[in-house]
Amino acid sequence: REATLKIALNSLSLARFDEYSPVPLDFRISSGLLDTDIDLTFRQPLQGDPRIALRGSLELRDLELDNRDGKPLIKLPALDMVVNAIEPLAGLIDIASIRIDQPDFEVARARDGSLNLSALVPKSRAPEASSTPAPAGTASPGPEVKIGLLEVQQARVAFGDAVPSPAFAYVIEPMDVVLRDFSLQGASPAALVIGASAEGGARVTLDAKVLASAPSIEGELALEAIDIPRFAPYFANLVDFSVEQAQARLGTRFRLKVVNGSPQGEVAIKEAGLAQVRLARPGEKTPFAQADDIVLSGASADLSARRVNVDAFELIKPRLRAVRKPDGVLDLAGLMRESSGPASSAPAREGAPWSVLVNAVRLKEGSVRLEDRTLATPGVVVLDRLALSLENIGTDKTLKSRLDLAFRNPKGGTFGAR
């Protein structure tokens, strides 16, 4: 036996449909139009289980979801979906394509740490007691979910966080996401490409292969022009200075998987850096520390072997100003604030200790200005053209390191040591 029902809707208004939900909802549908062209098929073979399948397409337009206070959560100007088959009795969801154009997400974290988007998760009713518990070791597999193509074009994500002080706000726009050949239970990885821009000219790109059945990801991640002062609310309580200027960048390749609940794999950093760094104390116009660039290159971390190797760590044109106060204390000693939070009680992770090897640490064209106020007449020492090279250092106590140091004083005298 077989029967087919065609479901064809044209501009069905979804506004206030949430009021008819069988489960309590913490959001409301302010607006939205639905078009469908779906075939609902029922089959009852002479032998075997019955099958119910949905096939066809649907389109959502001008969908707006708000929380119960009327604050916006999500706006979807257009969403188009083509369904190969949805068979609820067989546990199959096979989507040919999903395209979402110009979605707008308002993400907010309240002072208690809760996220506003959690309102989109329906409140489940209390489960009824089962008189026939499932036998041990017979957990049913999850549904098979397949998505041939998921495209999110020109998305906007506005994030607000009330936990730090002052509160933090950041906008990512536009963001494009493409996911191809995804399968929840399949053995072949899906292709994931993300490109996003953010405030201050920041740019994020991800090109990766993702496997859901045995959680793993492999690919490349690049960050460009990340403005560190924008994130000051997250570290301002830890330091007694301000980051006036600093732009971060990162280029990395990675291959990661989850084994027994822990991440394993390798991460290789082609280059990471902080450019145009300026650090200043509160109330002071002149920065106490500057650098044209701080570069980490050729680094790799093996999470399984607990090993880190670094080709080079370089400071390009660093400038440091320090003052020895009348009480003999160096002002640089008070740059870090004591943490007001409770000490961590988490147990140390078992396993071999991490091993670290750094091939070279280099300081190029640096300068240091030290003012000593313990003297009756304060004295000033200035060293420029400071160069330092430290090679072959790490956790292995048998390593033989090499140090080269050179600088010039204001009178033109030079000093070198090896």
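Colleague: Which residues make the nonpolar surface patch of about 220 Å²?

Modeller: The model is a predicted one. In it, Val381 sits in strand S18, residues 379-394, and counts as partly exposed at 46% relative accessibility. Residues of a patch need over 30% relative accessible area. The nonpolar patch of about 220 Å² is formed by Leu330, Leu370 and Val381.

Colleague: How many helices and how many strands does the chain have?

Modeller: Strand S18 covers residues 379-394, and strand S19 covers 402-408. For the chain, the secondary structure comes to zero helices and 20 strands.

Colleague: What share of the 418 residues is buried?

Modeller: The chain has an accessible surface of about 25,700 Å², with 57% of that belonging to carbon and sulfur atoms. A residue counts as buried under 20% relative accessible area. In the chain of 418 residues, the buried share is 27%.

Colleague: Which strands does the salt bridge between Arg109 and Asp161 tie together?

Modeller: The side chains of Arg109 and Asp161 meet at 2.7 Å, N to O. Arg109 is partly exposed, with a relative accessible area of 27%, whereas Asp161 is buried, at 2%. The two residues are 52 apart in sequence, so the pair ties together strand S6 (residues 104-109) and strand S7 (residues 144-161).

Colleague: How many residues apart in sequence are the parts tied together by Arg337 and Asp240?

Modeller: These two side chains form a salt bridge at 3.3 Å, N to O. Arg337 lies in the loop between strand S16 (319-324) and strand S17 (355-372), while Asp240 lies in the loop between strand S11 (216-227) and strand S12 (242-259). Both ends are partly exposed, with Arg337 at 42% and Asp240 at 30%. The separation in sequence is 97 residues.

Colleague: Which residue forms a salt bridge with Glu244?

Modeller: Glu244 is in strand S12, and the residue it pairs with is in strand S13 (residues 262-280), 34 residues apart. With the closest N and O atoms 3.3 Å apart, the partner is Arg278.

Colleague: How many salt bridges does the structure hold?

Modeller: Side chains of opposite charge can pair when their charged atoms come close. Asp104, Glu106, Arg156 and Glu173 are linked in a network of such bridges. The structure holds a total of 32.

Colleague: Is Glu87 buried or exposed?

Modeller: Glu87 is in strand S4, residues 72-87. Its side chain makes a polar contact of 2.3 Å with the side chain of Arg51. Leaving aside residues up to four places away in sequence, Glu87 touches Arg51, Ile52, Ala53, Arg55 and Leu92. Because its relative accessibility is 6%, Glu87 counts as buried.

Colleague: What distance separates the C-alpha atoms of Leu399 and Leu357?

Modeller: Leu399 is in the loop between S18 and strand S19 (402-408), and counts as partly exposed at 26% relative accessibility. Beyond residues up to four places away in sequence, Leu399 touches Leu357, Asn392, Ile393 and Gly394. Leu399 and Leu357 are 42 residues apart along the chain, and their C-alpha atoms are separated by 9.4 Å.

Colleague: What is omega for the cis peptide bond that joins Glu173 and Pro174?

Modeller: A cis bond also joins Ser165 and Pro166, with omega about 0°, and Pro166 is in the loop between S7 and strand S8 (168-183). Pro174 is found in strand S8. For the bond joining Glu173 and Pro174, omega is about -5°.

Colleague: What positive phi does Asp62 have?

Modeller: Arg16, which is not a glycine, has a positive phi of about 70°; Arg16 is in the loop between strand S1 (2-13) and strand S2 (27-43) and counts as exposed at 53% relative accessibility. Asp62 is instead found in strand S3, residues 51-67, and is partly exposed, with a relative accessible area of 45%. Asp62 is not a glycine either, and its phi is about 55°.

Technical notes. Residues numbered from 1 in each chain as written. Predicted model: local features only at pLDDT ≥ 70, side-chain atom pairs only at ≥ 80, totals over all residues. Heavy atoms only, no water. Patch = residues over 30% accessible without salt bridge, like charges linked within 9 Å, V, L, I, M, F, W, Y side chains within 5 Å. Areas by Shrake-Rupley, 256 points an atom, 1.4 Å probe, with all protein chains shown as cover. Salt bridge = Lys/Arg side-chain N within 4 Å of Asp/Glu carboxyl O. Helix = DSSP H or I, 4+ residues; strand = E, 2+ residues; numbered from the N terminus. Buried < 20%, exposed > 50% of the residue type's maximum accessible area, 1.4 Å probe, protein only. Polar contact = N/O pair within 3.5 Å; in protein donor to acceptor, adjacent residues only side chain to side chain. Contact = heavy atoms within 4.5 Å.
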